[in-house]
Amino acid sequence: MCGIVGYIGNKKATPILLNGLSQLEYRGYDSAGISTIEKDKISLMKDKGRVKNLYDLTGIDSLEGTVGIAHTRWATHGKPSKENSHPHMDNSNTFSVVHNGIIENYNELRAFLTDKGYNFLSETDSEVIPNLIHYYYQKENKKEKGSFLTAFKNACLDLKGSFSIAGICLDFPDNMIVVRKDSPLVIGNSETENYISSDIPAILSFTKKFYFLNDLEFAVLYRDNIVFFDKNLSIIHKECQNISWNASSAEKNGFDDYMLKEIYEQPTAIRETIGFRLQEDGTCNLDELNFSKPYLSLINQIYIIACGTAMHAGLAGKVCIEKLCKIPTQVDIASEFRYRDPLIDTSTLCIFISQSGETADTIAALKLARSKGAKTIAISNVIGSSITREADYCIYTHAGPEIAVASTKAYTSQIVLLNILAIHLAEILETQDPKIISNLKKEILQLPKKIEETLKCSEVIKSFAKTVYSEKDMFFLGRGIDETVAREASLKLKEISYIHSESYPAGELKHGPIALIENGVTVIGILTDSTLVEKSISNIQEVITRGAKTLIITNQNIENSMFDLVVKIPQTSPFISPILSVVPMQLFAYYISKEKGLDVDKPRNLAKSVTVE
Ligand code: F6R
């Protein structure tokens, strides 16, 4: 994920900016750059590659500027290259800007600016921003007090999507302006200097005093002052907050572990994955694919192939692909698929899912599918990873780096992307009622807010975890799409708590597994499918009769009294309900592991990337 740092003060900005960028390296990036205000120009130094490469750029040592902005880029639009790196400047070299997030309407803005005579040097969405600021600046009384802010604000209000932006202007060498919307940015304050950053750790060594902006609030930073504005440019008051983190908790943004941080990052991760692909006006585009209706009409089966959690995301994806596209879809474990001579040919479309993009079995399965003539799509979270280079097409999840071994935000963003893919294919094939598709699109766009709502169950899940953490076995039940979440919930628990657990389709219990149920055993039911909820409740009653303790995750109105705990989650389309119902399950596994005093982020025997067979 991209990272922003900025400085305004009396010291040389460059060393501070480079240091800040190094602190942001853990977020993952492919290029880096900085801009400072020098005597008679704005300097711009950037390149693809590591932050340390910037130290070698000619002239970087002679930069004297005391105001500057810097950026690490994780490519989304346009390959990693010097041109696509940030900062970006306008055509007149008056403004320099860094941006995190995605500008959804950049094509439209780029066309508008091109028509007005502006040129573009990069393939990025971000380059429209400095030029749009310049466009409004020209219309104002240039250099008049406030005109940089007015132009900056006007440009930002034209942007659709998510963004945190910092800008500097040659005509206002004692200012830096920032804004954010659905993308992180913090302001660090000290008496004679101010800082900005995508997250607290990068500037924590300089200050412990922070300001936090809400969506579409602007801040003008001076050396010894910060003035805050709302989107109408009325001045607003903000409270400064003292942060008492130490260095290691800071890297985790204040969370105890990466896993918890990543669970809480899911609203942002989903927002980034949706990005341009689904817009408020109902447009769905997956520019990465160029499938025609005649080609897709020849496809008679789809395979989704992956390992572990990614395979569980595939199970949820199968449900929406079959329902929306009416193409039989199978989900296979990569290590099985590669050795069983699967019946695939040129009429098969194979989708490979891998967070890391480096899983050996998944890559081998992909090569096999290609050798049999199937078209292949890779879904990955890591730009340029092996799987993305092997596949015919590649679509990225943009969940940001996942550091905890147990996968959380990658799973939910994979399901979002599979749903968007299903919508895209169904729209080309015209296989589903547009009303159903339109409703699903609306539900997907509401997911980030609904995940935030779901995360509020954290405390009650934590308390329940305290009552069951010392148990030896647990069971997860569900029907339909809930059964796919039961599998993922069971895997999460095993991985990080070392408690033996099983997941079953609820109706399958009486065919054998119910023999394992005895007094006091914990059974977790996931009940979100309104058409199956009554049936699942009957199955769960069977375990209650045999003495089980029960936790229910549901979005239905059910009679609570017979269960030990019922956690209500928001309603959504059944196709994407796993994205909400898995959240309490991730927290459940997390709190049990913590209660047992285990290393949540690095569970025994497991590796983040399984590059061997
Ligand atoms: C579980 C987990 C693993 C991975 C699996 C595939 O929390 O992380 O099950 O999902 O090893 O990894 P990727 O997605 O990198 O191919």
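This is a predicted model: local features need pLDDT of at least 70, side-chain atom pairs count only at pLDDT 80 or more; totals for chains, interfaces and linings use all residues.
Thr412 touches Gln266, Ile270, Ile579 and Val582, leaving out residues up to four places away in sequence. Thr412 itself belongs to helix α14, which covers residues 409-429. With a relative accessibility of 0%, Thr412 counts as buried.

Staying with contacts, take Tyr591. Tyr591 sits in helix α19, residues 577-595. What does Tyr591 contact, once neighbours within four places in sequence are set aside? The list is Leu260, Ser458, Ile461, Lys462 and Ala465. One of these, Ile461, is 130 residues from Tyr591 in sequence, and the C-alpha to C-alpha distance is 7.8 Å. Is Tyr591 buried or exposed? The relative accessibility is 10%, and therefore Tyr591 counts as buried, the cut-off being under 20%.

That brings us to helix α16, which spans residues 458-468. Helix α16 lies across β21, β23, β24 and β25. Against β24, residues 549-554, the helix runs at about 155°.

Now the sheet under that helix. Five strands make up an open sheet, and the order is β22-β21-β23-β24-β25. The pairing is parallel. Which strands stand at the edges? They are β22, residues 500-505, and β25, residues 565-568. Each of the two has a single partner strand, so one side of each has no neighbour in the sheet. On average, neighbouring strands here are turned by 15° against each other, direction ignored.

Within the sheet, look at β21 and β23. Strand β21 covers residues 473-478 and strand β23 covers residues 522-527; the two run parallel and are joined by 5 bridges. For a specific position, Leu477 has Gly525 in β23 as its bridge partner.

Next, aromatic pairs. The count for the model is 18. The one I want to show is Tyr7 with Tyr195, a tilted pair with 5.3 Å from centre to centre and 50° between the planes. Tyr7 is in strand β1, residues 3-8, and Tyr195 is in strand β10, residues 193-197. The two are 188 residues apart, and the pair links distant parts of the chain. Are these two tyrosines buried or exposed? Tyr7 has 0% relative accessibility and counts as buried. Tyr195, at 1%, also counts as buried.

There is also an aromatic cluster to point out. Its members are Phe95, Tyr137, Phe148, Phe152, Phe172 and Phe218.

Arg604 lies over the face of Tyr498, and the distance from the ring centre is 3.8 Å.

On to salt bridges. How many are there in the model? The count comes to 25.

The remaining pair is Lys456 with Glu453, at 3.1 Å, N to O. Why does Lys456 count as exposed? Its relative accessible area is 62%, and the cut-off for exposed is over 50%. Glu453 has 42% and is partly exposed.

The network consists of Lys261, Glu265 and Lys409, linked by salt bridges. Lys409 takes us back to where we began, as helix α14 covers residues 409-429 and also holds Thr412.

Conventions. Residues are numbered from 1 along each chain as its sequence is written. Side-chain values use heavy atoms; hydrogens and water are left out. Two strands pair if DSSP finds at least two bridges between them. Helices (H or I, at least four residues) and strands (E, at least two) are DSSP runs, numbered from the N terminus. Axes are lines fitted to C-alpha atoms, for helices over the stretch in contact, and angles run from 0 to 180 degrees between N-to-C directions. Contact means heavy atoms within 4.5 Å. Rings of Phe, Tyr and Trp (its six-membered ring) pair if their centres lie within 6.5 Å; planes under 30 degrees apart count as stacked, over 60 as edge-to-face and the rest as tilted. Buried means under 20% relative accessible area, exposed over 50%, partly exposed in between (1.4 Å probe, protein chains only). A charge sits over a ring if NZ of Lys or CZ of Arg is within 6 Å of the ring centre and within 35 degrees of the ring normal. A salt bridge is a side-chain nitrogen of Lys or Arg within 4 Å of a carboxyl oxygen of Asp or Glu.
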